[in-house]
Amino acid sequence: MPDVPSPKPLVAGNWKMNGLSESLAVVEQVAAHLADGAGHADAMICPPAQLIAAAVRQVANRPLAIGGQDCHASQFGAHTGDISAEMLADVGASAVIVGHSERRADHGEADALIRDKAAAGHRAGLTGIICIGETAGQRAAGLTETVALRQLRACIPDGASHTNTVIAYEPVWAIGTGLVPTSDEIATTHGAIRRELKSVMAHGDAVRILYGGSVKPTNAHEILGIADVNGALVGGASLTAEDFLGIFAAYG
Ligand code: PGA
């Protein structure tokens, strides 16, 4: 018998820079559906920062977690425009995405900073959702696994565990493009990530490894059925309740 349960899947929506007050209706629709007893997976929505407090109030004890999309590594201070992990926790967020490829590309974020941000999330009591994944060029050069594992090793902070850390494998070329790796490719990369997690932390078996990149209701069943895929990080298809719940339905 394993001493920790195999991971409960997680379907997390990343709204990116999308969503105004009216989008709380989507949070309501998802929360209402999940409150009806749907699914064998956890659900989360990460709206833009200005909606987090209202989204937390909206879900009101129903089984839908609310997370942030980024945080600063520091607790407070002179960092105009940034938000700290403590601020996210203060308004009721339970998780924070760090190292998304759009942060890496738009803001030049590198692995050491992402590790510090994940550590900041842990300091504030948040689950850190650490994103890793290769670019199209790296894939073409046969470096998918090398890049994913290098980022993984460099971004996992001390103190990471299966209870405070989620890994999201997101091939950069698959994000927002409609392109998806083959199931064999996903299985190979997730398997490599799993082996690495087992070698660097106590209960690496129990860490959730999400796949992200063009997950939709039409491909969710296949992708979420792959070994070592413990859920999805969903961008575009998380913006409507119908699509988000259509993906979540893969867990029946
Ligand atoms: P996508 O985005 O589902 O729109 O491809 C995924 C992500 O960036 O997390």
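Start at S214, in the loop between β7 and α9. This is a predicted model, so keep that in mind at each stop.

**Stop 1: S214**

Select S214 and check its backbone. Phi is near 60° here, a positive value in a residue other than glycine. Most residues other than glycine have a negative phi. Is S214 buried or exposed? S214 counts as buried because its relative accessibility is 9%, and the cut-off for buried is under 20%. A backbone N or O atom of S214 lies 2.8 Å from one of the ligand's oxygen atoms.

**Stop 2: the ligand**

Stay with the ligand. Taken alone it exposes 280 Å², and the protein buries 95% of that. Select the shell around it: 13 residues. Which of them come nearest? They are K16, H100, E170, G176 and S214. Colour the shell by type, and you will find four nonpolar, seven polar and two charged residues.

Next, pick E170. An N or O atom in the side chain of E170 is 2.6 Å from an oxygen atom of the ligand. Then pick G176. Here a polar backbone atom sits 2.7 Å from a ligand oxygen.

**Stop 3: K16**

Move on to K16, one of the residues that come nearest to the ligand. Where is K16 placed? Look in the loop between β1 (10-14) and α1 (24-35). K16 is not a glycine, yet its phi is positive, at about 55°.

**Stop 4: S238**

Go to the loop between β8 (231-234) and α10 (241-248), and select S238. With a relative accessible area of 0%, S238 is buried. Follow its side chain: it reaches the backbone oxygen of G235 at 2.7 Å. Now show what else S238 touches. Leaving aside neighbours within four places in sequence, its contacts are G13, N14, W15, V26 and F244.

**Stop 5: N164**

Select N164, in the loop between α7 and β6. N164 counts as buried, at 15% relative accessibility. Its side chain has two partners to display. One is the backbone oxygen of G159, reached at 3.0 Å. Another is the backbone nitrogen of S161, which lies 2.8 Å from a polar atom of the N164 side chain. Not counting residues up to four places away in sequence, N164 touches H122, L126, T127, G128 and G159.

**Stop 6: helix α8**

Which residues of α8 are buried? They are I186, T189, H190, G191, A192, I193, R194, E196 and L197. An α-helix has 3.6 residues a turn, so residues three or four places apart point the same way. Now show the cover over these buried residues. It includes β5 (127-132), α7 (144-155), β6 (165-169), β7 (208-212) and α9 (217-224).

**Last stop: S183**

Stay in helix α8 and select S183. Buried or partly exposed? S183 is partly exposed, because its relative accessible area is 22%, and buried means under 20%. Not counting residues up to four places away in sequence, S183 touches E222 and I226. To finish, draw a distance from the C-alpha of S183 to that of H100. The two residues are 83 residues apart along the chain, and the line spans 22 Å.

Terms used:
Residues are numbered from 1 along each chain as its sequence is written. This is a predicted model: local features need pLDDT of at least 70, side-chain atom pairs count only at pLDDT 80 or more; totals for chains, interfaces and linings use all residues. Side-chain values use heavy atoms; hydrogens and water are left out. Buried means under 20% relative accessible area, exposed over 50%, partly exposed in between (1.4 Å probe, protein chains only). Helices (H or I, at least four residues) and strands (E, at least two) are DSSP runs, numbered from the N terminus. Contact means heavy atoms within 4.5 Å. A residue is near a molecule or strand if one of its heavy atoms lies within 4 Å of it. A polar contact is a pair of N or O atoms within 3.5 Å; within protein, one must be able to donate a hydrogen and the other to accept it, and residues adjacent in sequence count only if both atoms are side-chain atoms. Accessible areas come from the Shrake-Rupley method with a 1.4 Å probe; for residues, only the protein chains shown count as cover. Ala, Val, Leu, Ile, Met, Phe, Trp, Tyr, Cys and Pro count as nonpolar, Asp, Glu, Lys and Arg as charged, and the others, Gly among them, as polar.
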